[in-house]
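Hello,

Here is the structure you will be taking over. Please open it first, then read the notes below.

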Amino acid sequence: METVPNPQLSPTVKKVKKDSFLLDTWKKLIKNRLAVVGLIIIILQIVIAIAAPLITSYDPARQNLEGTELPMFTEGHWLGTDNYGRDMWSRIAYGARISLVVGSIAVALGLVGGITLGLLAGYYRKLDGIIMRIVDLLFSFPGILLAMLIIAVLGTSLVNVAIAISIWSIPSCARIVRGSVLSVKKQEYVMAMKSLGASDLRIMFKHILPNCTAPIIVFATMRMATAILSTASLSYLGLGAQPPTPEWGAMISQGQAYMWTSPHMTIIPGIAIMLTVFAFNVVGDGLRDALDPNMKVNQ
Amino acid sequence: MIIRRLFQLVLLLIGISFLVFASMHLAPGDPASIIAGPTASSSDIDAIKESLGLNKPFLVQYWDYLKNVLQGDLGYSYQTKQSVSEAIAIRFPNTLNLAIASIIVAIVIGLVAGIISALKQNSWLDVFSTVFSLGGISIPNFWLGSILILVFAVNLQILPVGGLDAPFWTIEGMQQLILPAITLGTGSAAMIARMSRSSMLEVIQADYVRTARAKGVKESSIIGVHAMKNAMIPVITVIGVNFGGLLGGTIITEQVFAINGVGRLMIDAIASRDFPMVQGSVLLVASLFVLVNLIVDIIYVFVDPRISYDN
């Protein structure tokens with residue numbers, strides 16, 4: 001008997017071979033125009049932060065009292081200078097370093113704390129009550145207040161700002177992780193691992209955590225936006241970076257006194273903050289859409 | 001349900017007061033030597049410790065503090081020796097005015113922008129409002145405040161640079177409130193706009209809206225009565241959450257506009273390590289925040305009868 005080859009079968013079988021999780025997410029992400037704009041801004045900022053010494057001609061702290069408050073597009077200082085004659089472009093470029101580093105450290109520490117608490121609360125019923133009450137307690141401080149309380153204890157500095165923002169990030173992260181753990185915990189493969197005698201730690205980190213990656217990635221991206229904005233806010237209030245550190249928020253606070261004569265001292269760092277926060281927000285939004293399993297079902 | 005929530009609120013308030021008290025206790029620096037000043041002898045410091053009860057065990061100190069707080073006594077400032085409750089009482093009305101004015105700005109701008117962009121989906125109005133809501137979330141409000149001052153107070157000279165000393169019902173008071181309220185309200189307006197847009201879009205595609213159209217109900221009452229009622233449910237949560245957030249946000253806005261409120265008091269206290277002042281103001285703002293959240297939860301049940309906290 002002759003077998004009739006099905007012309008449609010082989011190509012479909014090939015098509016079923018799915019893209020990897022990362023590639024799949026990436027493909028969806030770059031379809032979102034706003035997210036692409038955000039990604040470009042973030043990459044640009046990382047490049048500026050890393051290459052700051054190469055792309056600037058002045059030390060960000062070098063004063064030049066003969067060239068103070070020069071306006072934008074002055075020769076040699078395309079973004080002008082501040083009230084001490086420091087080059088604004090150098091300060092913005094080095095400020096990008098501070099924002100990214102402080103933001104990343106704060107988010108990373110917050111993730112470690114939040115993931116640990118969330119896993120424990122979701123996995124062990126006995127710990128759930130107490131951990132979630134602590135989380136509720138931390139949630140009862142509006143906005144930046146918790147960070148300010150922590151800075152009141154630790155003292156004012158950029159390192160303490162990073163610590164404060166990370167502690168402030170723990171409750172929301174813990175809630176998200178706990179939620180995912182609760183939904184994954186009941187799956188059969190977890191039961192199977194248990195009956196095979198895998199340790200709790202192994203199950204938690206090797207089998208449950210990877211299934212909570214999507215919400216954690218979205219959270220981390222959005223949190224970068226909050227962390228960068230909060231670092232700037234706290235420095236603006238004088239609770240973070242101290243002069244002469246070229247931190248964007250501190251630059252705005254300093255520029256305010258010269259708003260009448262040199263508004264560029266206030267306007268430029270503000271635009272830098274806004275672009276960065278906007279970029280992380282839209283990329284976070286895009287990632288959420290790309291990673292949302294409900295959307296996959298619809299397509 | 002309300003009784004159970006009130007009980008939870010009391011527990012939460014005790015938790016907040018403990019956390020705030022404990023963090024101030026952990027802070028480096030001995031309060032007695034801060035009060036006594038750098039030239040004080042060790043016997044002076046001991047005497048101050050004795051009089052403030054700082055020699056007692058930590059939990060006893062906390063218990064004493066809690067008792068005092070319940071009687072309205074938040075202690076005395078290390079710096080000015082002023083009563084913390086009095087210092088807060090003088091400044092609190094300014095903070096509350098600012099927060100309320102901002103939430104009004106946020107609700108008006110947010111709802112109008114959100115609903116219009118939902119009804120005119122994909123029009124230029126929709127694009128404009130989407131850009132506004134993305135920008136509003138990303139803009140640092142202390143910067144927005146500075147720019148508004150630059151434009152309206154410095155260049156156009158139609159509004160004051162800062163301060164909030166006239167009562168809000170006078171014209172002068174309102175003029176002083178406009179810029180700070182816009183500054184603080186923009187972020188929340190953006191979130192309310194986003195929420196009301198998506199929830200309105202969802203609702204106007206629902207079956208009962210189509211039924212209402214088929215019945216020949218006027219378009220204005222379809223939107224105003226049928227759609228709005230259901231679209232507002234998630235929006236109310238966003239408003240509630242934002243009002244709490246605005247209380248925190250006043251801290252920064254007060255600094256920008258030199259408003260003599262609780263937030264500025266707190267920042268000065270943190271900078272000068274005036275712990276009773278920090279303790280008192282943080283306690284006040286956090287307590288208000290949980291109280292507002294409780295009220296929002298209760299309103300929620302009345303707006304949406306499907307929600308019940310009983311089970």
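**Chain A: loops first**

A:Glu69 sits in the loop that runs between helix 3 (33–55) and helix 4 (88–123) of chain A. Its phi is positive, near 50°, and the residue is not a glycine. Before going on, please note that this is a predicted model.

A:Pro244 is found between helix 10 and helix 11 (248–255) of chain A. The peptide bond that leads from A:Pro243 into A:Pro244 is cis. Its omega is near 5°.

**Chain A: helix 2 against helix 12**

Next, a helix pair within chain A. The axes of helix 2 (residues 21–29) and helix 12 of chain A come within 9 Å. They cross at roughly 125°. Helix 2 of chain A is therefore oblique to helix 12 of chain A. The crossing is right-handed.

Which residues of helix 2 of chain A meet helix 12 of chain A? They are A:Thr25, A:Lys28 and A:Leu29. On the side of helix 12 of chain A, the partners are A:Gly286, A:Leu287, A:Ala290 and A:Leu291. By class, this contact has 4 nonpolar, 2 polar and 1 charged residues.

**Where the chains touch**

Now the interface. In chain A, 33 residues are in contact with 36 residues of chain B. Four helices of chain A each supply at least two residues to the side that touches chain B: helix 5 (125–139), helix 6 (145–154), helix 10 (213–236) and helix 12 (264–291). Helix 12 of chain A gives the most, with 8 residues. The side of chain A that touches chain B has 24 nonpolar, 8 polar and 1 charged residues.

One helix pair spans the two chains. Helix 12 of chain A packs against helix 6 (residues 124–138) of chain B at an angle of about 115°. Their axes are 8 Å apart. This crossing is right-handed. Helix 12 of chain A brings A:Met274, A:Val277, A:Phe278, A:Asn281 and A:Val282 to the contact. Helix 6 of chain B brings B:Leu134, B:Ile137 and B:Ser138. By class, that gives 6 nonpolar, 2 polar and no charged residues.

**Chain B overall**

Chain B has 12 helices and 0 strands. Along its principal axes, the C-alpha trace spans about 85 × 60 × 30 Å.

Inside chain B, helix 5 (residues 84–119) and helix 8 (residues 171–204) form a pair whose axes come within 5 Å. The two cross at roughly 35°. The crossing is right-handed. By class, their contact has 23 nonpolar, 8 polar and 2 charged residues.

**Chain B: two helices, end to end**

Start with helix 4 (residues 58–70) of chain B. It has 13 residues and reaches 18 Å from its first C-alpha to its last. That is close to the 18 Å expected at 1.5 Å a residue. After helix 4 of chain B comes B:Gly72, whose phi is positive, near 85°.

Then take helix 10 (residues 219–256) of chain B, which has 38 residues. How far apart are its end C-alpha atoms? They are only 44 Å apart. A straight helix would reach 56 Å at 1.5 Å a residue. Helix 10 of chain B also has a kink of about 55°, centred on B:Met228. Following helix 10 of chain B is B:Ala258, with a positive phi near 50°.

Best wishes

Key. Residues numbered from 1 in each chain as written. Chains lettered and ligands numbered in written order. Predicted model: local features only at pLDDT ≥ 70, side-chain atom pairs only at ≥ 80, totals over all residues. Contact = placed C-beta atoms within 7 Å. Nonpolar A, V, L, I, M, F, W, Y, C, P; charged D, E, K, R; others polar. Expected span 1.5 Å × (residues − 1). Bend = angle between axes of the 7 residues up to and from the residue. Axes fitted to C-alpha atoms, helices over the stretch in contact; angles between N-to-C directions. Parallel < 35°, antiparallel > 145°, perpendicular 65-115°, else oblique. Left-handed = near helix turned anticlockwise from the far one by under 90°.
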